[in-house]
Amino acid sequence: MKIVIINYGAGNIQSIMFAIERLGFKAVLSNNPEEILAADKVIFPGVGEASSAMAKLIESGLDSLIPKLEQPVLGICLGMQLMCKSSEEGNTKGLGIFDIDVIKFTQNVKVPQMGWNQIYDLKSDLFKGISENEFMYLVHSFYAPNCSEAIATTNYDVEYASALHKNNFYGTQFHPEKSGDVGEKILGNFLRLNSNF
């Protein structure tokens with residue numbers, strides 16, 4: 001199975017690569033459109049600030065490639081947020097895969113939300129074998145509001161979408177690669193989508 005992690009200079013890529021290796025697979029880092037198109041699974045990571053990450057995608061032409069991908073794609077953290085319509089962070093226009101605007105947490109809570117929080121209302125094969133209310137690791141100041149595309153919910157001041165799904169696109173606000181055995185199982189579930197192993 002060919003797994004490509006999109007390398008556009010805005011991802012915590014090493015920990016994702018190690019998690020995939022622990023699952024018995026190898027991933028390739030690439031920003032080459034042909035290589036990304038030929039992959040069986042694509043992971044779209046993201047750490048940092050939305051507008052500068054989006055600028056890097058535009059610069060490399062990946063902003064027009066990613067929404068056209070037809071294989072399973074997993075956006076992680078900022079990667080998921082950039083798959084949305086827009087983000088209040090840096091007033092950024094996103095890729096528009098999910099019809100959601102990402103907004104900032106209010107001053108009622110400590111921002112960023114950093115650490116472990118629970119996921120519930122789990123829907124989709126991404127969470128096969130995962131119990132309700134498992135704890136996942138999150139670091140973020142902006143969030144996708146709860147919506148019809150939400151496949152997991154978390155509460156931090158408000159209930160928000162901690163995972164999204166539409167067609168072949170999946171997104172997690174949490175970091176599965178930093179969320180211990182449960183996070184690794186979610187990554188494994190993603191790799192098993194449409195696969196025979």
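Strands are DSSP runs of E with at least two residues and helices are runs of H or I with at least four residues, numbered from the N terminus. The views below come from a predicted model, in which local features need pLDDT of at least 70 and side-chain atom pairs count only at pLDDT 80 or more, while totals for chains, interfaces and linings use all residues. Residues are numbered from 1 along each chain as its sequence is written, and side-chain values use heavy atoms, leaving out hydrogens and water.

**View A. K41, a buried lysine without a salt bridge.** Let's start in strand β3, residues 41–44, where K41 is found. K41 is buried (under 20% relative accessible area, with a 1.4 Å probe and protein chains only; exposed means over 50%, and partly exposed lies in between). The nearest side chain of opposite charge is D40, 6.4 Å away; here Lys and Arg count as positive and Asp and Glu as negative, with His and the chain ends not counted. What does the side chain of K41 reach? It is the backbone oxygen of L191, at 3.3 Å. Leaving aside residues up to four places away in sequence, K41 touches M1, K2, I3, V4, Q71, P72, F190, L191, L193 and S195, where contact means heavy atoms within 4.5 Å.

**View B. E35 and K2 meet through their side chains.** This pair forms a salt bridge at 3.9 Å, N to O, the term meaning a side-chain nitrogen of Lys or Arg within 4 Å of a carboxyl oxygen of Asp or Glu. Distant parts of the chain are linked here: E35 sits in helix α2 (residues 33–38) and K2 in the segment before β1 (3–6), 33 residues apart. E35 is partly exposed at 26% relative accessible area, and K2 is also partly exposed, at 30%.

**View C. K26 paired with E21.** The closest N and O atoms of this salt bridge are 3.9 Å apart. K26 is exposed, with a relative accessible area of 63%, whereas E21 is partly exposed at 38%.

**View D. K166 and E149 joined by a salt bridge.** The N to O distance is 4.0 Å. K166 lies in strand β12 (residues 158–166) and E149 in the loop between β10 (142–145) and β11 (150–156), so the pair ties together parts that are 17 residues apart in sequence. K166 is partly exposed at 31%, while E149 is buried at 14%.

**View E. A network of salt bridges.** To finish, look for K85, D99 and D101, which are linked in this network. How many salt bridges does the rule give? The count comes to 6.

How values were computed. Polar contact = N/O pair within 3.5 Å; in protein donor to acceptor, adjacent residues only side chain to side chain.
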